Amino acid sequence: LRLKPDSRGQIHMAFTIDTEGKVSSVSLVNSTMSDPALEKCTMSVLERCRFKKFDGDPIVVNYPINFE
């Protein structure tokens with residue numbers, strides 16, 4: 001976005017949070033951005049996210065990220 005600040009669209013991601021609160025997988029579901037570098041960067045940021053530890057099964061999240 002630094003290189004293309006006027007970019008608009010949506011990147012829809014799916015990611016799994018394990019019981020330790022770490023993101024164990026990230027995948028691109030759909031994108032209207034037509035910008036592979038931005039999509040890869042967004043996935044990289046999600047991979048580094050940390051959540052609170054919890055008991056139970058891993059959580060699968062489907063999340064659209066809107067760039068406006």
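**I17 and its surroundings**

Tutor: Apart from its neighbours within four places in sequence, I17 is in contact with K22, V23, F51, F54, P58, I59 and V61, where contact means heavy atoms within 4.5 Å. This is a predicted model, in which local features need pLDDT of at least 70 and side-chain atom pairs count only at pLDDT 80 or more, whereas totals for chains, interfaces and linings use all residues. Residues are numbered from 1 along each chain as its sequence is written, and side-chain values use heavy atoms, with hydrogens and water left out.

I17 belongs to strand β1; strands (E, at least two residues) and helices (H or I, at least four) are DSSP runs, numbered from the N terminus. With a relative accessibility of 7%, I17 counts as buried. The classes are buried for under 20% relative accessible area, exposed for over 50% and partly exposed in between (1.4 Å probe, protein chains only).

Strand β1 runs antiparallel to β2, and seven bridges join them; strands pair if DSSP finds at least two bridges between them. Within this pairing, T16 stands opposite S25 of β2. The hairpin of β1 and β2 has five residues between the strands, and G21 there adopts a positive phi near 90°.

Rings of Phe, Tyr and Trp (its six-membered ring) pair if their centres lie within 6.5 Å; planes under 30 degrees apart count as stacked, over 60 as edge-to-face and the rest as tilted. By this rule the count is one aromatic pair. F15 and F51 form it, stacked, with 6.4 Å centre to centre and 15° between the planes. Because F15 lies in strand β1 and F51 in the loop between α1 and β3, the pair ties together parts that are 36 residues apart in sequence. F15 counts as buried at 7% relative accessibility, while F51, at 37%, counts as partly exposed.

The C-alpha atoms of I17 and E47 are separated by 9.6 Å, although these residues are 30 apart along the chain. As for helix α1, its buried residues are L38, E39, T42 and L46. Viewed down the axis of α1, they fall within an arc of 100°, so they line one face of the helix; the arc is that of the directions from the helix axis to the C-beta atoms. These buried residues pack against β1 (9-17), β2 (23-31) and β3 (59-67). On the other side of α1, P36, A37, K40 and R48 are exposed.
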